[in-house]
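Please consult the sequence and the structure shown below while reading.

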Amino acid sequence: MNSPPARGDNPPPRVTVLTGYLGAGKTTLVNHLLSADHGYRIAVIVNEAGDIGIDGDLVVSSDEEVIEMANGCVCCTLSVRQDLTATLKKLLERPDSPRYFLIEASGLADPVPLTQALFVDGLADQLVLDGVITMVDSQHIEHHLDRFDSNPTDSRAADQILCADRIVLNKTDLVGTSDCDRIEGRIRTLNSTAPLIRTRYARVDPGLLLGIGAFDPARQAVESGRFGIESEPADHTLQATSLEVFDELDRTRLLAWLQALVDDRAEDIHRIKGILALAGETQPIVLQGIRSVFELYPGGSWSEGRSSRLVVIGRDLDEEMLREGLAGCRAEQTH
């Protein structure tokens, strides 16, 4: 577990992970963001072998795997043999180090390992994970979800939706409005908390995707129920369980419970996030986790009564066990 960098007048660069199944429009979105007026100097890291796919009129020059963009951005390829951590550190060492990183994952890739890499020693104190964006192809996503329904082990497209902080439903011009409504309903059975944006040709307001602060307590409207679950997923192998304890929690017991939980169910738990009231802490404590990696850090001030609210998103979860486990972390609990 690592502590995030301090958020001050000179905040660390942010990182967005962009995922989505093959053909969803990720590269089109990257080109759109690189040419848009959003105020960020972005470094795009493409987790693909082969052609980087950046529009020619954006390219100024190329130096090894780093491509300079006309608008001051940079782009580099990340082959399957290269290490994401090393690539990020290399870019951070540049004299003109970017202030924003966009990682475009392979369409067949599990985005979680890429996201986990941002929590490791050597990066956790240099970068802030801003969020995970998932692109969805309106024309073909139902085929992938049908395959998942009949065979839950064929889960890549579903997993990409499940871990998203924002979902971009692309190519809506290729299907009807009623089709979009039905697709959105199916997406909501997997992820009921991420805002969903419908678009054509990946034309999205950059402000809806960049700087969203999904892992930043200063940007989280927790008191308005941001971490609440609107509905339970229809597929019972995928769950988003909302927990709440109105007593203060003991930090030591909480850490022990979380560590045991992720050690036992690392492959099944995709995300853990919440706001916690810990004994001895005057501020709410933010919990953010990606599978086996999690962190706790202070998050602003209380706007209403102190309580601990937690969401666990994953597969085949025992809701009663989770409730009992969190309740067992209460500060007044005696053994």
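What percentage of the 335 residues of the protein chain count as buried? The share is 55%. The model is a predicted one.

## Overall composition

The protein chain contains eight helices and 14 strands. Among its contacts with a separation of 6 or more, 77% join residues 24 or more positions apart.

## The nonpolar cores

The largest nonpolar core comprises 48 residues, and those with the most contacts inside it are Leu29, Leu88, Phe101, Ile103, Leu118 and Leu127. At least two residues of this core come from each of the following elements: strand 1 (14–20), helix 1 (26–35), strand 2 (42–46), helix 2 (84–92), strand 6 (100–104), helix 3 (111–116), strand 7 (128–137) and strand 12 (285–290). Strand 2 gives the most, namely five residues. A second, separate core has 22 residues, including Val245, Leu276, Leu310 and Leu322.

Not counting residues up to four places away in sequence, Phe101 touches Pro13, Arg14, Val15, Thr16, Ala43, Ile45, Leu88, Leu91, Leu92 and Leu127. One of these partners, Val15, lies in strand 1 and is buried at 0% relative accessibility. Beyond its neighbours within four places in sequence, Val15 is in contact with Tyr100, Phe101, Ile103, Leu118, Leu127, Val128, Leu129, Asp130 and Gly131. The C-alpha atoms of Val15 and Arg99 are 8.9 Å apart in space, although 84 residues separate the two in sequence.

Helix 1 is largely enclosed by the rest of the structure, because seven of its ten residues are buried. These buried residues are Lys26, Leu29, Val30, Asn31, His32, Leu33 and Leu34.

In helix 2, the buried residues are Leu84, Thr85, Thr87, Leu88, Leu91 and Leu92. Viewed down the axis of helix 2, they fall within an arc of 165° and therefore line one face of the helix. In general, an α-helix has 3.6 residues a turn, so residues three or four places apart point the same way.

## Buried polar and charged positions

Thr115 belongs to helix 3 and is buried, with a relative accessibility of 2%. Setting aside neighbours within four places in sequence, Thr115 is in contact with Val17, Leu129, Val132 and Ile290. Thr115 and Leu129 are 14 residues apart in sequence, with a C-alpha to C-alpha distance of 7.9 Å.

Is Asp165 buried or exposed? With a relative accessible area of 6%, Asp165 is buried, because the cut-off for this class is under 20%. Asp165 occupies the loop between helix 5 (156–162) and strand 8 (166–170). Apart from neighbours within four places in sequence, Asp165 is in contact with Gly131, Val132, Ala194, Pro195, Ile212, Ala214, Phe215, Arg271 and Lys273.

## Packing of helices 7 and 8

Helix 7 (residues 251–265) packs against helix 8 (residues 319–327) at an angle of about 155°, and their axes are 9 Å apart. Since angles over 145 degrees count as roughly antiparallel, helix 7 and helix 8 are therefore roughly antiparallel to each other.

Which residues make the contact? Helix 7 contributes Leu254, Trp257 and Leu261, while helix 8 contributes Met321, Leu322, Gly325 and Leu326. By class, the contact of helix 7 with helix 8 has six nonpolar residues, one polar residue and no charged residues. Leu322 of helix 8 is also among the residues of the second core.

Terms used: Residues are numbered from 1 along each chain as its sequence is written. This is a predicted model: local features need pLDDT of at least 70, side-chain atom pairs count only at pLDDT 80 or more; totals for chains, interfaces and linings use all residues. Side-chain values use heavy atoms; hydrogens and water are left out. A nonpolar core is a set of buried Ala, Val, Leu, Ile, Met, Phe, Trp, Tyr and Cys residues joined through side-chain atoms within 4.5 Å. Buried means under 20% relative accessible area, exposed over 50%, partly exposed in between (1.4 Å probe, protein chains only). Helices (H or I, at least four residues) and strands (E, at least two) are DSSP runs, numbered from the N terminus. Contact means heavy atoms within 4.5 Å. The arc is that of the directions from the helix axis to the C-beta atoms. Axes are lines fitted to C-alpha atoms, for helices over the stretch in contact, and angles run from 0 to 180 degrees between N-to-C directions. Angles under 35 degrees count as roughly parallel, over 145 as roughly antiparallel, 65 to 115 as roughly perpendicular and the rest as oblique. Ala, Val, Leu, Ile, Met, Phe, Trp, Tyr, Cys and Pro count as nonpolar, Asp, Glu, Lys and Arg as charged, and the others, Gly among them, as polar.
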